[in-house]
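I opened this entry to look up charged pairs and ring pairs among the side chains. The notes follow in the order in which I checked them.

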Amino acid sequence: MRVTTENQEVHLPILDQKGVSLVLKREDRIHPLISGNKYRKLKYNLKVAKTQGFDTLLTFGGAFSNHIAATAYAGKIHGLKTIGIIRGEELAQKWQENSTLKLAESHGMQFKFVSREAYREKDTPEFIDELKEEFGAFYLLPEGGTNPLAIKGCEEILTTSDTDFNVVCCAVGTGGTIAGISNGAFAPQKVLGFPALKGDFLQEDICKFALRENWKLVTDYHFGGYAKVTEELVSFINNFKLNTQIPLDPIYTGKMLYGILDLIQKGYFPPNTKILAIHSGGLQGIDGMNRNLLKKNLPLIDI
């Protein structure tokens, strides 16, 4: 697949007021299903899996996982079987109601639903051995797709056309994307990561792959944790799309852009700062999130 992305400038009054510029790198436009950082993370893993003779990919994820959806479709177009180990055994009886899992299944993914307690053991040799006994040989992709080959792919996100930016911002899930961007950033760029998860445990994980100290996590914009949203966040996402024609997902990019603009409002960035924000995709998850919001009688995200 030939990868073409574009940088799109954001025009909002607050940017003029504070004297900073904001540009989005539209990685979400790489592919409708294998978009953004998921394409980057899978690129070299798929090559190695096929080179090593594997015919099956096995990976992990939750109900809204972009990685699960992307892996299923990537496996389909590359002629590989896919297995998803899904967090939450309660989903076994109602996965058809989940648009992400339904999409993955339509592209051939086989599911195994496990309890949250069992899911926490997913990285242990004992758990992996049990999966090999059940499914046979497979190429293992970790949760979120983060491994050294994924980092290699994410190091290619920034190109020579991005050298003029002072700050590069990205959403953070498992930490692979920010590590790759950090490694590929141009001096003296600073990299800011906006975690979608609550807590500061990601610092150690990122340090395993990031080769430089040019990055920092901004941990104030998780909105309660992974897949947690509020009316304020939904309103922000809808207004952002209305004003810029750029859609954001509620789990990652919506929280990142909320954080960036809030920091701009608070004067965090000096005047004349040029900010590049990575739009890492994830839009497929909006439909599933809207179904949850509907059940809670909360406003929906515009699609």
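The model is predicted, so I kept to its limits: local features need pLDDT of at least 70, side-chain atom pairs count only at pLDDT 80 or more, and totals for chains, interfaces and linings use all residues. I number residues from 1 along each chain as its sequence is written, and side-chain values use heavy atoms, with hydrogens and water left out.

Entry: salt bridges.

I took a salt bridge as a side-chain nitrogen of Lys or Arg within 4 Å of a carboxyl oxygen of Asp or Glu. I then looked up the count, which is twelve salt bridges.

I looked up helices and strands as DSSP runs, numbered from the N terminus: helices are H or I with at least four residues, strands are E with at least two. D287 and R291 sit four residues apart in helix α12 (residues 286-295), about one turn of the helix. The two form a salt bridge, with 3.3 Å between the closest N and O atoms. D287 is partly exposed at 30% relative accessibility, and R291 is also partly exposed, at 41%.

Is the pair of R26 and D28 buried or exposed? R26 has a relative accessible area of 2% and is buried. D28 counts as buried too, at 10%. I found their side chains joined in a salt bridge of 2.8 Å, N to O.

I looked next at E143 and R87, whose side chains form a salt bridge at 3.4 Å, N to O. E143 is in the loop between β6 (139-140) and α7 (148-154) and R87 is in strand β4 (residues 81-87), so this pair ties together parts 56 residues apart in sequence. Both ends are partly exposed: E143 has a relative accessible area of 25% and R87 one of 22%. I also noted a network of salt bridges that links R87, K122 and E143.

Entry: charges over rings.

I counted a charge as over a ring if NZ of Lys or CZ of Arg is within 6 Å of the ring centre and within 35 degrees of the ring normal. R87 turned up again here, over the face of Y119 at 5.2 Å from the ring centre. The charged end of K152 lies over the ring of Y44, 4.3 Å from its centre.

Entry: aromatic pairs.

I paired rings of Phe, Tyr and Trp (its six-membered ring) if their centres lie within 6.5 Å; planes under 30 degrees apart are stacked, over 60 edge-to-face, and the rest tilted. The count is eleven aromatic pairs. One of them is Y221 with Y258, a tilted pair at 6.1 Å centre to centre and 55° between the planes. Y221 is in the loop between β9 (215-217) and α10 (231-244) and Y258 in helix α11 (residues 253-265), so I logged a link between distant parts of the chain, 37 residues apart. Y221 is buried at 7% relative accessible area, and Y258 is buried at 17%.

How are the rings of F236 and Y258 set? Their centres are 5.3 Å apart and their planes at 75°, so the pair is edge-to-face. F236 lies in helix α10 and Y258 in helix α11, so the pair ties together parts 22 residues apart in sequence. F236 is buried, at 14% relative accessible area. Last, I recorded a cluster in which ring pairs link F194, Y221, F223, F236, F240 and Y258.

Notes
Buried < 20%, exposed > 50% of the residue type's maximum accessible area, 1.4 Å probe, protein only.
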